[in-house]
Amino acid sequence: MRLTTKGRFAVTAMIDLALRQDNGPVTLAGISQRQDISLSYLEQLFGKLRRHEIVESVRGPGGGYHLARKAQNVTVADIIIAVDEPLDATQCGSKGNCHGSDHDNGIHCMTHDLWANLNAKMVDYLDSVSLQDLVNQQKQKAQDKPVVIVRHGHAERTIS
(Lines give C-alpha, C1' and ligand atoms only; values in the text may rest on other atoms or scores of the structure.)
Protein backbone atom coordinates (compact mmCIF):
# COMPACT_ATOMS: atom_id res chain seq x y z
CA MET A 1 0.00 0.00 0.00
CA ARG A 2 1.27 3.43 -0.88
CA LEU A 3 0.02 6.84 -1.84
CA THR A 4 0.49 7.21 -5.58
CA THR A 5 1.96 10.11 -7.50
CA LYS A 6 -1.52 11.48 -8.14
CA GLY A 7 -2.24 12.02 -4.44
CA ARG A 8 1.23 13.32 -3.61
CA PHE A 9 1.25 15.76 -6.52
CA ALA A 10 -2.26 17.00 -5.70
CA VAL A 11 -1.31 17.74 -2.08
CA THR A 12 1.97 19.39 -3.13
CA ALA A 13 0.21 21.58 -5.70
CA MET A 14 -2.44 22.59 -3.17
CA ILE A 15 0.22 23.65 -0.65
CA ASP A 16 1.90 25.73 -3.36
CA LEU A 17 -1.44 27.32 -4.27
CA ALA A 18 -2.35 28.08 -0.65
CA LEU A 19 1.07 29.66 0.00
CA ARG A 20 0.79 32.01 -2.98
CA GLN A 21 -2.88 32.84 -3.48
CA ASP A 22 -2.76 36.02 -1.35
CA ASN A 23 -0.98 37.68 -4.29
CA GLY A 24 -3.84 36.83 -6.69
CA PRO A 25 -4.76 33.78 -8.74
CA VAL A 26 -1.97 31.20 -9.04
CA THR A 27 -1.20 29.78 -12.47
CA LEU A 28 -0.74 26.09 -13.08
CA ALA A 29 2.31 26.96 -15.17
CA GLY A 30 3.86 28.55 -12.08
CA ILE A 31 3.06 25.54 -9.91
CA SER A 32 4.39 23.26 -12.64
CA GLN A 33 7.68 25.11 -12.77
CA ARG A 34 8.16 25.44 -8.99
CA GLN A 35 7.16 21.87 -8.13
CA ASP A 36 8.43 20.10 -11.26
CA ILE A 37 5.01 18.61 -12.06
CA SER A 38 3.81 18.27 -15.65
CA LEU A 39 1.41 21.06 -16.65
CA SER A 40 -0.97 18.64 -18.37
CA TYR A 41 -1.03 16.47 -15.24
CA LEU A 42 -1.82 19.52 -13.09
CA GLU A 43 -4.64 20.45 -15.47
CA GLN A 44 -6.20 17.02 -14.93
CA LEU A 45 -5.80 17.22 -11.15
CA PHE A 46 -7.17 20.76 -10.89
CA GLY A 47 -10.16 19.84 -13.04
CA LYS A 48 -11.06 17.24 -10.40
CA LEU A 49 -10.30 19.62 -7.53
CA ARG A 50 -12.55 22.24 -9.15
CA ARG A 51 -15.41 19.76 -9.60
CA HIS A 52 -15.13 18.93 -5.89
CA GLU A 53 -15.27 22.67 -5.09
CA ILE A 54 -11.85 22.74 -3.47
CA VAL A 55 -10.44 25.29 -5.94
CA GLU A 56 -11.99 27.91 -8.20
CA SER A 57 -10.62 29.07 -11.52
CA VAL A 58 -10.26 32.67 -12.66
CA ARG A 59 -10.30 33.14 -16.42
CA GLY A 60 -8.56 35.71 -18.56
CA PRO A 61 -5.33 37.67 -18.23
CA GLY A 62 -3.99 37.37 -14.71
CA GLY A 63 -6.15 34.28 -14.23
CA GLY A 64 -5.33 31.08 -12.46
CA TYR A 65 -6.66 29.30 -9.39
CA HIS A 66 -7.43 30.07 -5.78
CA LEU A 67 -8.94 28.07 -2.95
CA ALA A 68 -12.73 27.79 -2.98
CA ARG A 69 -12.78 27.70 0.82
CA LYS A 70 -10.39 28.55 3.62
CA ALA A 71 -7.29 26.37 3.90
CA GLN A 72 -8.28 25.34 7.43
CA ASN A 73 -11.49 23.88 5.96
CA VAL A 74 -9.69 21.68 3.40
CA THR A 75 -8.19 18.42 4.65
CA VAL A 76 -5.60 16.20 3.03
CA ALA A 77 -8.33 13.54 2.80
CA ASP A 78 -10.52 16.00 0.83
CA ILE A 79 -7.72 16.54 -1.68
CA ILE A 80 -6.84 12.88 -2.09
CA ILE A 81 -10.46 11.78 -2.43
CA ALA A 82 -11.12 14.58 -4.95
CA VAL A 83 -8.42 13.27 -7.30
CA ASP A 84 -9.79 9.71 -7.05
CA GLU A 85 -6.88 8.40 -5.03
CA PRO A 86 -7.79 5.07 -3.43
CA LEU A 87 -6.95 4.84 0.25
CA ASP A 88 -7.19 1.11 0.67
CA ALA A 89 -4.71 -1.37 2.09
CA THR A 90 -6.92 -4.45 1.67
CA GLN A 91 -6.10 -6.99 -1.00
CA CYS A 92 -9.68 -6.97 -2.25
CA GLY A 93 -10.13 -3.22 -2.45
CA SER A 94 -12.75 -3.47 0.33
CA LYS A 95 -14.98 -5.60 -1.91
CA GLY A 96 -14.83 -8.57 0.43
CA ASN A 97 -13.59 -11.04 -2.17
CA CYS A 98 -10.03 -11.26 -0.83
CA HIS A 99 -9.33 -14.49 -2.68
CA GLY A 100 -10.24 -13.01 -6.07
CA SER A 101 -13.38 -12.74 -8.17
CA ASP A 102 -13.45 -16.53 -8.60
CA HIS A 103 -14.34 -16.80 -4.92
CA ASP A 104 -17.57 -14.85 -4.56
CA ASN A 105 -18.37 -16.61 -1.32
CA GLY A 106 -17.58 -13.42 0.64
CA ILE A 107 -14.87 -15.05 2.74
CA HIS A 108 -12.25 -12.53 3.78
CA CYS A 109 -8.58 -13.34 3.99
CA MET A 110 -7.16 -13.79 7.47
CA THR A 111 -5.69 -10.25 7.54
CA HIS A 112 -8.67 -8.42 6.00
CA ASP A 113 -9.79 -6.83 9.27
CA LEU A 114 -6.24 -5.66 10.02
CA TRP A 115 -5.99 -3.82 6.68
CA ALA A 116 -9.56 -2.51 6.87
CA ASN A 117 -8.79 -1.02 10.30
CA LEU A 118 -5.61 0.54 8.88
CA ASN A 119 -7.74 2.12 6.13
CA ALA A 120 -9.98 3.70 8.75
CA LYS A 121 -6.97 5.03 10.71
CA MET A 122 -5.41 6.48 7.53
CA VAL A 123 -8.59 8.28 6.57
CA ASP A 124 -9.02 9.58 10.13
CA TYR A 125 -5.45 10.89 10.16
CA LEU A 126 -5.60 12.50 6.71
CA ASP A 127 -8.95 14.02 7.65
CA SER A 128 -7.33 15.56 10.76
CA VAL A 129 -4.61 17.38 8.79
CA SER A 130 -5.75 20.60 7.15
CA LEU A 131 -4.17 22.38 4.22
CA GLN A 132 -3.55 25.27 6.64
CA ASP A 133 -1.53 22.91 8.87
CA LEU A 134 0.70 22.08 5.90
CA VAL A 135 1.02 25.75 4.89
CA ASN A 136 2.01 26.68 8.45
CA GLN A 137 4.57 23.88 8.42
CA GLN A 138 6.12 25.23 5.20
CA LYS A 139 6.19 28.79 6.54
CA GLN A 140 7.91 27.57 9.71
CA LYS A 141 10.51 25.70 7.65
CA ALA A 142 11.19 28.87 5.66
CA GLN A 143 11.73 30.84 8.88
CA ASP A 144 14.06 28.18 10.28
CA LYS A 145 16.17 28.20 7.13
CA PRO A 146 19.84 28.65 8.00
CA VAL A 147 21.61 31.80 6.88
CA VAL A 148 24.74 31.30 4.80
CA ILE A 149 27.43 33.97 4.71
CA VAL A 150 29.39 34.10 1.46
CA ARG A 151 32.78 35.83 1.56
CA HIS A 152 34.33 37.27 -1.57
CA GLY A 153 37.61 38.99 -0.81
CA HIS A 154 36.86 41.29 2.11
CA ALA A 155 33.13 41.76 1.44
CA GLU A 156 30.50 39.61 3.13
CA ARG A 157 27.07 38.90 1.74
CA THR A 158 24.24 37.22 3.62
CA ILE A 159 22.05 34.80 1.66
CA SER A 160 18.90 33.48 3.21
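Predicted model: local features only at pLDDT ≥ 70, side-chain atom pairs only at ≥ 80, totals over all residues.
Strand E1 (residues 55–58) runs antiparallel to E2, with 4 bridges joining them; strands here are DSSP E runs of at least two residues, numbered from the N terminus, and two of them pair if DSSP finds at least two bridges between them.

Numbering starts from 1 along each chain as its sequence is written, and side-chain values use heavy atoms, leaving out hydrogens and water.

H6 covers residues 131–143, and its 13 residues should span 18 Å at 1.5 Å a residue, which agrees with end C-alpha atoms 19 Å apart. The expected span is 1.5 Å times one less than the number of residues; helices are DSSP H or I runs of at least four.

Its buried residues are Leu-131, Leu-134 and Val-135 (buried: under 20% relative accessible area, 1.4 Å probe, protein chains only). Down the axis of H6 they fall within an arc of 100 degrees, so they line one face of the helix; the arc uses directions from the helix axis to the C-beta atoms. Their cover includes helix H1 (5–20), strand E2 (64–67) and helix H4 (76–82).

## The whole chain

There are 6 helices and 4 strands, in the order α-α-α-β-β-α-α-α-β-β. Of the 160 residues, 33% are buried.

How values were computed
Buried < 20%, exposed > 50% of the residue type's maximum accessible area, 1.4 Å probe, protein only. Contact = heavy atoms within 4.5 Å.
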